[in-house]
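Try each task before reading its solution.

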Amino acid sequence: MSIQNRDSFLNNVADQLGRKRRSKGVTRPQYSVEPQWRVFEGATQEELVDKLEDQCHSIHTHFKRSTTQTLAKTLQQAIEENEGNVVVAADDKRNDEYGLSSFYNNLQDKGVSFHLWDPAKGTKNLTFAERADVGITFSDITLAESGTVTLFNHRGNGRSISLLPRTYIAIIPKSTLVPRMTQAVRHIHQAHADGVDVSPCVSFITGPSNSADIEMNLIVGVHGPVKATYILVEDM
């Protein structure tokens, strides 16, 4: 992966520090105290699920549980609760694994205007997402501590799916749960070190959009989805 202007940026930093840029002999420091690894250390996957559910109350996000077998029914319920007459979803290989491909086809039969993200359709995807009531994606890594879903955006999973619709629904396989950002970043770093083609666009999403910029008054639904629902799927 290339990074534009990296050299000029690092050279400028070295200049401001009054020395030459160091490109060799630099080693990662070993810290004597690393508390970031001890948060939820040893927690079971079920304990992480409970923590995620608790955190959802703090980030104004609805939380549902399902199994692979009941996912379609639970998703249907979430769409109806959010008045989803226009729905956009990611073209994800897990759609088949979790039985959602046929579910999406049935949505169209029920009169719901449905669109599966298709890179061949270019800006038509954005046009549809702009007027969608609901956007649906899978979470790739889920942070229990903060209630954050991580999306590896790709050609079939445009960033606009989770950004432009009024409501965002994240499908969270239980196996994607990790304690916190520390483990998520380690996973991404290790994948890159192993030569895995890591997505150049990784999104961390914590519930619906919100802001407290104006007099510290929290307003939910400012720059993106007004509402969010997480559906935890038992897959292990």
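A nonpolar core is a set of buried Ala, Val, Leu, Ile, Met, Phe, Trp, Tyr and Cys residues joined through side-chain atoms within 4.5 Å. The model examined here is a predicted one.

**Exercise 1.** Determine which residues of the largest nonpolar core touch the most other members, and which elements give two or more residues to this core.

*Solution.* Begin with the membership: the largest nonpolar core has 20 residues, and those touching the most other members are Leu-75, Ile-79, Leu-100, Tyr-104, Ile-136, Ile-169 and Ile-171. Next, assign the core to elements: two or more residues come from each of α3 (71-81), β2 (86-89), α5 (100-109), β4 (134-138), β7 (167-173) and β12 (227-234). Then take Ile-136 as an example; once neighbours within four places in sequence are left aside, its contacts include Leu-75, Ile-79, Tyr-104, Ile-169 and Ile-171, together with Val-87, Val-88, Ala-89 and Ala-90. Finally, note that a second, separate core consists of 16 residues, among them Leu-48, Ala-144, Ile-205 and Tyr-230.

**Exercise 2.** Classify the ring pair of Tyr-98 and Phe-138 and the ring pair of Tyr-104 and Phe-114 as stacked, tilted or edge-to-face.

*Solution.* The count of aromatic pairs comes to three. For Tyr-98 and Phe-138, the ring centres are 5.2 Å apart and the planes stand at 55 degrees, so this pair is tilted. Tyr-98 belongs to the loop between α4 (94-97) and α5, whereas Phe-138 belongs to strand β4, so the pair ties together parts 40 residues apart in sequence. Tyr-98 counts as buried at 10% relative accessibility, and Phe-138 is buried with a relative accessible area of 3%.

For Tyr-104 and Phe-114, the centres lie 4.5 Å apart with the planes at 20 degrees, so the pair is stacked. Because Tyr-104 lies in helix α5 and Phe-114 in strand β3 (residues 113-116), the pair ties together parts that are ten residues apart in sequence.

**Exercise 3.** Is Ser-199 buried or exposed, and which backbone oxygens does its side chain reach?

*Solution.* First locate Ser-199, which is found in the loop between α7 (181-193) and β9 (201-205). Its relative accessibility is 14%, and the cut-off for buried is under 20%, so Ser-199 counts as buried. The side chain of Ser-199 reaches the backbone oxygen of Asn-153 at 2.5 Å, and a polar atom of that side chain lies 2.9 Å from the backbone oxygen of Cys-201. Not counting residues up to four places away in sequence, Ser-199 touches Phe-152 and Asn-153.

Technical notes:
Residues numbered from 1 in each chain as written. Predicted model: local features only at pLDDT ≥ 70, side-chain atom pairs only at ≥ 80, totals over all residues. Heavy atoms only, no water. Buried < 20%, exposed > 50% of the residue type's maximum accessible area, 1.4 Å probe, protein only. Helix = DSSP H or I, 4+ residues; strand = E, 2+ residues; numbered from the N terminus. Contact = heavy atoms within 4.5 Å. Phe/Tyr/Trp six-rings, centres within 6.5 Å; stacked < 30°, edge-to-face > 60°. Polar contact = N/O pair within 3.5 Å; in protein donor to acceptor, adjacent residues only side chain to side chain.
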